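Keep the picture in view as you read.

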Amino acid sequence: MTPSPEASSSELIKQMKQMVGIAAARRVKSGMVVGLGTGSTAAFMIQELGSLLATGDLKDIVGIPTSFESIVLGKKYGVPIRTLDDVSKIDIAIDGADEVDPAKNLIKGGGAAHTREKVVDTIADTFIVVVDSSKLVDKLGSTFAVPVEVIPMAIAPVTRAIEKLGGIPTLRMGVRKAGPVITDQGNMVIDVKFADIPDPLALEQALNNIPGVLENGLFVNVTDVVLVGEIKDGVPLVREF
Ligand code: 5RP
């Protein structure tokens, strides 16, 4: 049976994610402290780190997780897990993104993990973003809303403040779970659609200045390297920018 166009396109996206996750893991050197990102692309990177450790091609690394999910994957694939209390620095962090603009600024938080991701990714000496080519945009906000993590008692005033900033807020709801998504910190997420984001840094700061907001998914001036998984003439390849 011939696969539907949707099925083959999701298979191609999976291939791109896998390739780019593996390519990023191969940039890790023995002895490094590695920030372990969250999401389906970062999962391939964590799996590859585990394989490299198992074969002895990589030794003595430790992983600093960015979510409950990355703790589970680190343990599953045999990557030793530590916390930020155990290390004085992070050598390299590898994480996915929902949008990447030409200046390497990001929207993250599709997995509601952007608060821990920002802590880990911003302190890493080198921050590598791993995406498939569908994540590249000319302007942030064109395809994805900005996730904002909010403490539950502040949902109503934060929603009003976001509207005053010109955003259209939607409380993120669970899938196969009644009620809102609850983050690893016990908070909620409001996804905010903006018609235009002319100044991502100013918006990142304005959102974080609203009392009750813990963190938002705009990552500005943080990324060092973007690895993009692409299919060119039917052949999967990884490009760096
Ligand atoms: C989680 C994130 C993810 O990195 C982002 O959503 C990309 O995920 P995926 O690699 O599954 O497309 O920011 O909060």
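Before we start, one term: a polar contact is a pair of N or O atoms within 3.5 Å. Keep in mind, too, that you're looking at a predicted model.

With that cut-off in hand, look at Thr-38: one of its backbone N or O atoms lies 2.8 Å from an oxygen atom of the ligand. Asp-98 uses its side chain instead, placing a polar atom 2.7 Å from a ligand oxygen. Then there's Ala-113, where a polar backbone atom is 3.1 Å from an oxygen atom of the ligand. How much of the ligand does the protein bury? Taken alone, the ligand exposes 380 Å², and the protein buries 91% of that.

The ligand takes up the space of the largest pocket. Two elements give two or more residues to the shell around it: α2 (40-55) and α4 (114-123). Altogether, 18 residues surround the ligand, and the closest are Thr-38, Ser-40, Thr-41, Asp-98 and Lys-135.

Next, find Ser-70, which has its place in helix α3 (residues 68-77). Is Ser-70 buried or exposed? Its relative accessible area is 0%, so Ser-70 counts as buried. What does its side chain reach? The backbone oxygen of Leu-36, at 3.4 Å. Leaving out residues up to four places away in sequence, Ser-70 touches Leu-36, Gly-37, Thr-38, Ile-46, Pro-65 and Ile-81.

Methods
Residues numbered from 1 in each chain as written. Predicted model: local features only at pLDDT ≥ 70, side-chain atom pairs only at ≥ 80, totals over all residues. Heavy atoms only, no water. Helix = DSSP H or I, 4+ residues; strand = E, 2+ residues; numbered from the N terminus. Buried < 20%, exposed > 50% of the residue type's maximum accessible area, 1.4 Å probe, protein only. Polar contact = N/O pair within 3.5 Å; in protein donor to acceptor, adjacent residues only side chain to side chain. Contact = heavy atoms within 4.5 Å. Near = heavy atom within 4 Å. Areas by Shrake-Rupley, 256 points an atom, 1.4 Å probe, with all protein chains shown as cover. 1 Å grid on protein atoms, 1.4 Å probe; cavity = no way out; pocket = protein on both sides within 12 Å on 5 of 7 lines; lining within 4 Å. Sits in = over half its atoms within 2 Å of the grid points.
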